[in-house]
Amino acid sequence: MTTQKTRTTTRTTAPLVELDAVSKFYGNIKALEGVSLEVHAGEISCVLGDNGAGKSTLIKIIAGLHQHDAGTFSIEGEETRLANPRDALDRGIATVYQDLAVVPLMPVWRNFFLGSEPTKGAGPFKRLDVDLMRRTTRSELLRMGIDLRDVDQPIGTLSGGERQCVAIARAVYFGAKVLVLDEPTAALGVKQSGVVLKYVAAARDAGLGVVLITHNPHHAYLVGDRFVLLKRGAMSGSHTRDEITLDELTREMAGGSELDQLGHELER
């Protein structure tokens with residue numbers, strides 16, 4: 001099967017986010033060591049690795065939950081250390097975690113604005129602007145190509161893929177420049193995974209820089225422009241799309257020579 005390997009991308013003079021030889025230590029444990037990553041506007045940078053590879057630690061550093069211990073972390077060319085997740089949001093970095101942090105019984109529009117609800121009136125007459133939130137949620141979802149039947153339905157009634165798409169649209173609406181997605185297709189079936197990847201691509205086409213964390217090389221290659229492979233906290237590979245095929249990416253992700261050795265050992 002032949003996969004298209006070229007894609008036109010939008011570039012800024014400096015990456016939106018750049019990590020250069022970043023390391024993170026917990027006592028004597030090396031959670032990350034010497035990891036580099038570039039995130040450009042209008043591109044998707046995929047970070048691949050199995051459980052324990054260091055993906056979660058990398059997310060926490062980009063999202064402002066943890067600070068790195070070595071290397072440099074730059075936002076739009078300016079070296080920085082994020083103090084906390086709010087600092088990351090203020091700098092345009094939005095992270096969508098696997099559990100999504102939604103309130104299942106609340107309607108879609110309330111979850112869309114959760115923590116950032118617009119109000120109208122003043123003093124004792126100040127109240128939530130429900131009509132504005134409903135209209136905005138519906139129009140923003142439509143703009144991303146998400147046509148929900150009813151934004152008043154509890155978000156818990158949506159499929160996992162639909163909830164992921166609402167979270168992506170929310171990040172775009174609130175002005176994110178960089179969108180970090182933590183295993184958005186991990187618990188989804190084939191069809192729902194395809195829906196989510198379509199909206200990941202829509203965020204890229206809207207000019208965002210996207211970091212897609214995944215353990216699935218097929219999903220990564222469908223949308224990715226850059227690929228960083230992690231193994232036990234260190235980089236085992238870094239490639240642009242025109243430097244690697246899907247088969248090569250899958251083989252590198254799966255261990256390559258280690259698989260060959262295992263196959264030899266299992267031969268009868």
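Predicted model: local features only at pLDDT ≥ 70, side-chain atom pairs only at ≥ 80, totals over all residues.
I take buried to mean under 20% relative accessible area.

**Entry: burial of β9.** I looked up residues 178-182, the strand β9, and found five of the five buried, so the strand is largely enclosed by the rest of the structure. I then checked the two faces separately.

**Entry: strand partners.** Which strands flank β9 in my notes? Strand β6, residues 93-96, runs parallel to β9 and is joined to it by four bridges. Here I found T95 of β6 bridged to V180. Strand β10, residues 209-214, is also parallel to β9, with five bridges between them. In that pairing I saw L179 opposite V210.

**Entry: the cores.** Which residues have the most contacts inside the largest nonpolar core? I got L141 and L179, in a core of 46 residues. I also asked which helix gives the most to this core, and it is α5, residues 160-173, with seven residues. Next I listed the contacts of L179, leaving aside neighbours within four places in sequence: A94, V96, I168, A171, A203, L208, G209, V210 and V211. Of these, I place A94 and V96 in β6 by their numbers, and I168 and A171 in α5. Lastly, I noted a second, separate core of 26 residues, with V22, L37, V39 and F73 among them.

Conventions
Residues numbered from 1 in each chain as written. Heavy atoms only, no water. Buried < 20%, exposed > 50% of the residue type's maximum accessible area, 1.4 Å probe, protein only. Helix = DSSP H or I, 4+ residues; strand = E, 2+ residues; numbered from the N terminus. Pairing = 2+ DSSP bridges. Core = buried A, V, L, I, M, F, W, Y, C linked by side-chain atoms within 4.5 Å. Contact = heavy atoms within 4.5 Å.
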